[in-house]
Amino acid sequence: MKVGARNSTFLPLDFLTNIIVVAIIDEGWWKMMKINVTQAKNEIGSRHMFKFVTSAEQLGIGDEHPWTDNDINVEGQVVNTGRALEVTGAINAVACYQCDRCLDEFCTNVEIAFNEEFLEGNSSDDSEEDISYFQGDEIDLSELVRENILLAQPISTVCKEECRGLCIKCGNNLNQSECSCDRHIVDPRLAELQKFFNKD
């Protein structure tokens with residue numbers, strides 16, 4: 001069940017005890033996404049779901065980004081493991097890129113899984129590196145979501161595995177049509193030998 005939408009503050013639903021209240025709070029250049037963990041932190045083994053919709057703008061990612069014009073859907077659960085509150089889930093969105101081979105624009109569905117443990121209190125020099133900390137009855141997920149999205153950016157983007165790219169001679173998109181260019185590349189070390197055979 002959808003508990004909220006973009007630019008909204010989510011209100012508690014008393015009859016859904018396993019749904020966490022999510023609030024999107026305007027903090028100027030980005031928006032904080034907080035989940036209420038009052039019940040979760042007091043019940044070991046409890047499992048509580050959350051779901052919300054955000055955007056690249058709300059996360060403060062920037063204008064030149066593949067997620068800029070699309071909704072970013074986040075859903076997951078909080079589990080009290082007895083040691084910490086474990087937050088797991090997935091980020092789903094449509095990302096638009098420019099193909100590295102043919103330079104065409106293309107869009108693709110992307111799913112990014114996340115998993116983070118939270119302890120109540122303040123971090124210190126002796127704190128565990130793989131643990132995040134929170135205070136009070138809310139956990140802010142905005143940095144978790146933002147960081148996972150940025151880290152998920154591919155090193156290279158290709159519209160499809162069989163993309164043929166552009167002709168190295170005339171720049172024609174070989175996915176759309178062939179050209180008459182000779183694209184055979186001769187090893188420079190054999191260039192003189194190639195000239196010799198061409199004379200014959």
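**Salt bridges and the nonpolar core**

Arginine 83 and glutamate 117 meet through their side chains in a salt bridge, 2.7 Å from N to O (a Lys or Arg side-chain nitrogen within 4 Å of an Asp or Glu carboxyl oxygen). Arginine 83 sits in the loop between E4 and E5 and glutamate 117 in strand E6, so the pair ties together parts 34 residues apart in sequence; strands (E, at least two residues) and helices (H or I, at least four) are DSSP runs numbered from the N terminus. Glutamate 117 is buried at 19% relative accessible area, while arginine 83 is partly exposed at 41% (buried is under 20%, exposed over 50%, partly exposed in between, with a 1.4 Å probe and protein chains only).

This is a predicted model: local features need pLDDT of at least 70, side-chain atom pairs count only at pLDDT 80 or more, and totals for chains, interfaces and linings use all residues. Residues are numbered from 1 along each chain as its sequence is written, and side-chain values use heavy atoms, leaving out hydrogens and water.

The structure holds 5 salt bridges. In one of them, lysine 41 pairs with glutamate 120, with the closest N and O atoms 3.1 Å apart. Lysine 41 is in the loop between E2 and E3 and glutamate 120 in strand E6, so this pair ties together parts 79 residues apart in sequence. A network of salt bridges links Lys41, Glu120 and Asp137.

As for the largest nonpolar core, Phe50, Trp67, Leu141 and Ile149 touch the most other members among its 33 residues (buried Ala, Val, Leu, Ile, Met, Phe, Trp, Tyr and Cys joined through side-chain atoms within 4.5 Å). E5 supplies the largest share, 6 residues.
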